[in-house]
Amino acid sequence: MKLLVAAVLAGMTFHTASAQDLGDGKAEYMNSCAVCHGPDGKGDGPLGDELLKRPSDLTRISRRNGGEFPYWRVYAVIDGRAMVPAHGERDMPVWGSQFLPADVKRYGPNAGEIVTRERIHELAGYVQTLQQ
């Protein structure tokens with residue numbers, strides 16, 4: 001099962017042809033996150049039933065946080081590279097590690113890291129727009 005999820009995610013991660021039409025954050029979300037979290041962020045993506053734990057409803061992050069959107073916490077969760085392993089196993093991919101190899105290959109090590117961080121900023125910003 002993990003191989004199926006990994007294969008689907010890997011295939012979606014590199015499809016960015018529609019970025020100009022959707023805006024970078026939304027295009028990145030649709031390519032990397034919607035398969036699990038759903039196109040509207042409600043946790044109802046097509047792979048949701050295949051996972052051990054249902055993906056969270058991203059539209060309620062602010063509500064669950066006293067009305068404030070915890071931007072840097074969302075950024076850290078998406079990036080995942082700085083998460084503490086002692087806090088338990090992650091259910092979602094570490095997108096910082098997923099994005100970085102292709103970005104480094106395309107832009108070089110320093111610029112690749114910058115591009116990876118920007119992609120994660122775009123995702124976090126887009127998730128903020130999903131709040132209800």
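Modeller: One term first: contact here means heavy atoms within 4.5 Å. The model is predicted.

Start with the overall layout. The protein chain has eight helices and zero strands. Along the sequence the pattern reads α-α-α-α-α-α-α-α. Of its 132 residues, 38% count as buried. Take the contacts between residues at least 6 apart in sequence: 40% of them join residues at least 24 apart.

Now the part itself, helix 6. This helix spans residues 71-79. Which of its residues are buried? They are Val 74, Tyr 75, Ile 78 and Asp 79. These residues cover an arc of only 130° around the axis, so they lie on the same side of helix 6. The general rule behind such a pattern is simple: an α-helix has 3.6 residues a turn, so residues three or four places apart point the same way.

What does that buried set pack against? The partners are helix 5 (61-64), helix 7 (95-107) and helix 8 (109-129). After helix 6 comes Gly 80, with a positive phi near 75°.

The largest nonpolar core has 17 residues. Val 74 and Ile 78 are among those with the most contacts inside it, along with Tyr 29, Ile 61, Leu 123 and Val 127. Helix 6, helix 7 and helix 8 each supply at least two residues of this core. Helix 8 gives the most, with five residues.

Val 127 ties several of these pieces together. Setting aside neighbours within four places in sequence, Val 127 is in contact with Leu 58, Ile 61, Phe 69 and Val 74. Val 74 is one of the buried residues of helix 6.

Helix 5 holds Ser 62. Ser 62 counts as buried because its relative accessibility is 12%, and the cut-off is under 20%. Beyond its neighbours within four places in sequence, Ser 62 is in contact with Gly 67, Glu 68, Phe 69 and Gln 131. Phe 69 is also in contact with Val 127.

How do helix 7 and helix 8 pack against each other? Their axes are 7 Å apart, at an angle of about 135°. That makes helix 7 oblique to helix 8. The crossing is right-handed. On the helix 7 side, the residues that meet helix 8 are Gly 96, Phe 99, Leu 100, Asp 103, Val 104 and Tyr 107. Among their counterparts in helix 8 are Pro 109, Val 115, Arg 119, Ile 120 and Leu 123.

Helix 8 also meets helix 3, which covers residues 24-32. The two axes come within 8 Å and cross at roughly 90°. Helix 3 and helix 8 are therefore roughly perpendicular to each other. Asp 24, Gly 25, Lys 26, Glu 28 and Tyr 29 of helix 3 make the contact. Helix 8 contributes Arg 119, Glu 122, Leu 123 and Tyr 126.

Glu 28 is found in helix 3. At 7% relative accessibility, Glu 28 counts as buried. Leaving aside neighbours within four places in sequence, Glu 28 is in contact with Cys 33, Phe 99, Arg 119 and Leu 123. Phe 99 belongs to helix 7, while Arg 119 and Leu 123 belong to helix 8.

How values were computed:
Residues are numbered from 1 along each chain as its sequence is written. This is a predicted model: local features need pLDDT of at least 70, side-chain atom pairs count only at pLDDT 80 or more; totals for chains, interfaces and linings use all residues. Side-chain values use heavy atoms; hydrogens and water are left out. Buried means under 20% relative accessible area, exposed over 50%, partly exposed in between (1.4 Å probe, protein chains only). Helices (H or I, at least four residues) and strands (E, at least two) are DSSP runs, numbered from the N terminus. The arc is that of the directions from the helix axis to the C-beta atoms. A nonpolar core is a set of buried Ala, Val, Leu, Ile, Met, Phe, Trp, Tyr and Cys residues joined through side-chain atoms within 4.5 Å. Axes are lines fitted to C-alpha atoms, for helices over the stretch in contact, and angles run from 0 to 180 degrees between N-to-C directions. Angles under 35 degrees count as roughly parallel, over 145 as roughly antiparallel, 65 to 115 as roughly perpendicular and the rest as oblique. A crossing is left-handed if the near helix is turned anticlockwise from the far one by less than a right angle, and right-handed if clockwise.
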